[in-house]
Amino acid sequence: MSRRTLAHAVWKLSADDRPGVPVAVFRMECATCHEMSTAADGDGRPAQTWSLAHTGMNPGHRGFTLHTETCWRVEPGAGNPYGEVRP
Ligand SMILES: [Zn+2]
């Protein structure tokens, strides 16, 4: 028989609002050839402009998927012993 000690720790998940972390990153993907625009931090206009230019160069490619990425972070909650530890 073995013994184990189990502990419960509270963690909280929230949007990562630390300095330098973008609020959102936008990229557009062509539904026909799956080419992707470059990622743009906090501004969807470059991805939209890329889509218009992509269709201009490839008139049959008219469908796109907008990929939006946001950053999230897990931090120790109240009473969590990892609150004392700096990563
Ligand atoms: Zn395409």
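**View 1. Asp43 and Arg45 join their side chains in a salt bridge, with N and O 3.0 Å apart.** A salt bridge here means a side-chain nitrogen of Lys or Arg within 4 Å of a carboxyl oxygen of Asp or Glu. Side chains of opposite charge can pair when their charged atoms come close. Arg45 counts as exposed because its relative accessibility is 56%, while Asp43 is partly exposed at 24%. (Buried is under 20% relative accessible area, exposed is over 50%, and partly exposed is in between, using a 1.4 Å probe and protein chains only.)

A quick note on what you're looking at: this is a predicted model, where local features need pLDDT of at least 70 and side-chain atom pairs count only at pLDDT 80 or more, though totals for chains, interfaces and linings use all residues. Residues are numbered from 1 along each chain as its sequence is written, and side-chain values use heavy atoms, leaving out hydrogens and water.

**View 2. Here are two other salt bridges, out of four found in the whole structure.** Arg18 pairs with Asp16, and their closest N and O atoms sit 2.7 Å apart. Asp16 is buried, at 10% relative accessibility, but Arg18 is partly exposed at 40%. Arg73 teams up with Glu75, with 2.5 Å between the closest N and O atoms. Both ends of that pair are partly exposed: Arg73 at 24% and Glu75 at 29%.

**View 3. A zinc ion is held by Cys30 (SG), Cys33 (SG), His54 (NE2) and His61 (ND1).** These donors lie at 2.0 to 2.3 Å. (Donors are N, O and S atoms within 2.8 Å of the metal, or 3.2 Å for Na, K and Ca; water is not among the atoms, so sites may look incomplete.) The angles between the four donors run from 107 to 114 degrees, so the arrangement is tetrahedral, a label that for four donors needs all angles between 85 and 135 degrees. Along the chain, the donors follow the spacing C-x2-C-x20-H-x6-H. Cys30 is buried at 0% relative accessibility, whereas Cys33 is partly exposed at 36%.

**View 4. Trp11, Leu13, Trp72, Val74 and Tyr82 make a nonpolar surface patch of about 590 Å².** Strand E1 (11-15) and strand E5 (72-76) each give two or more residues to this patch. (Strands are DSSP runs of E, at least two residues, numbered from the N terminus.) Patch residues have over 30% relative accessible area and no salt bridge, with nonpolar side chains joined within 5 Å. Val74, in strand E5, is partly exposed at 46%.

How values were computed. Four donors count as tetrahedral if all angles lie between 85 and 135 degrees; four count as square planar and six as octahedral if opposite donors are over 155 degrees apart and all others between 65 and 115; anything else is irregular. Patches are made of residues with over 30% relative accessible area and no salt bridge: like charges are joined within 9 Å, nonpolar side chains (Val, Leu, Ile, Met, Phe, Trp, Tyr) within 5 Å. Accessible areas come from the Shrake-Rupley method with a 1.4 Å probe; for residues, only the protein chains shown count as cover. Helices (H or I, at least four residues) and strands (E, at least two) are DSSP runs, numbered from the N terminus.
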